[in-house]
Amino acid sequence: MSKVFLGMSGGVDSAVSAYLLREAGHEVIGVYMKNWSKNLPGMKCPWAEDLADAKRTAVKLGLDFRVFDFETEYKQKVVDYMIAEYKKGNTPNPDIMCNQEIKFKLFAEMAFEQGAEMIATGHYAQTDGKNLLRAVDENKDQTYFLYRISEDIIPKCIFPVGGMEKPAVKKLAEEVGLAVAHKSESMGVCFVGEANMKDFLGEFVETKPGEIRELETNKKLGMHDGAIFYTLGQRHGLGLKTGLPYYVVKKDMDQNIVYVSQNLNSLSLWKKEIKLKDIIIRGEHDLSKLQARIRHRAPLVNASLDKESGILTFAEEQKSLTPGQSVVLYDGDICVGGGIID
């Protein structure tokens, strides 16, 4: 059996992962990654509570426990990246960047330096020793967030709950007496708990009000408090008094104008092909016969990729393809990689 360093978030998935690894006979070292500890106005960072929960689980299971402090690197590689992308008018995914730069890079490097033979996390994913595979629980599958991790690290990863359904994970946590069995899942920004992105960005980015205009008529319908906060396809939170449903279809960052439309068939909302950047493809695959996921939990759709041009063509039109978000590519159960919408 192996010496396994397990990333413990303080949640039920990593707690059950710790139990499963221990039961399988591995020497398990639990590690809490301290990525963010800053409180923001009206937003308390949950890191201390999460650390205490992770430590409590380690004590319960009799595991060695450590804390890796990545706060400086996290600010540089995840938070600063995210803020820069929003300033450009894009909608980035900080969870994906966190997995690429922190959990499966810095954490892995430090773990191996300290004697780890394998690393593990509570993500819903699987491996066959070479490829990253979708989880058994299709509703919880997290390969969308893991698609950018390095090809070299996958053979050294264990995802203990990837072969389980979420209800079974919670049931097992209850049966073995883990205190976090009924802890609610963290939502919102990955590193500031329940905070919403608008509140978070407002602390770091200067914004100014601007107009919301109807795309077809250029008529002013209302005001917004910063184009940076709006995402293509967004319907809620526009504050329009029209009584009719409008969708964000375009943003002019230079003029600070948000364009909306009632037309769900607007060409600005639906596209059959898009250009990807920062493409990652692992292994040899027929790129003309892939399946694509345009957001977490979105259904898989058939697609083909021209890697040279970065053009991804869908079998049928897709709605609300948002610059800065990722499209993740699959060959059956294998997550082969993906790219960022340009």
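The paragraphs below lead through the salt bridges of this structure and the places they connect.

The model is predicted, so that local features need pLDDT of at least 70 and side-chain atom pairs count only at pLDDT 80 or more, while totals for chains, interfaces and linings use all residues. Residues are numbered from 1 along each chain as its sequence is written, and side-chain values use heavy atoms, with hydrogens and water left out.

Side chains of opposite charge can pair when their charged atoms come close. Counting as a salt bridge any side-chain nitrogen of Lys or Arg within 4 Å of a carboxyl oxygen of Asp or Glu, the structure holds 15 of them.

One of these joins the side chains of Glu71 and Lys34, at 3.4 Å from N to O. Because Glu71 belongs to helix H3 (residues 71–87) and Lys34 to strand S2 (residues 27–34), the pair ties together parts that are 37 residues apart in sequence; helices (H or I, at least four residues) and strands (E, at least two) are DSSP runs, numbered from the N terminus. Lys34 is buried, with a relative accessible area of 16%, where buried means under 20%, exposed over 50% and partly exposed in between (1.4 Å probe, protein chains only).

Another salt bridge brings together Asp53 and Lys183, at 2.8 Å from N to O. This pair links distant parts of the chain, 130 residues apart, with Asp53 in helix H2 (residues 47–61) and Lys183 in the loop between helix H6 (166–175) and helix H7 (197–202). Asp53 is buried, having a relative accessible area of 10%.

Glu85 and Lys88 also meet through their side chains in a salt bridge, at 3.0 Å from N to O. Here Glu85 is buried, at 5% relative accessible area, whereas Lys88 is exposed, at 53%. Elsewhere, salt bridges with shared partners join Asp50, Asp53, Arg56 and Lys183 into one network.
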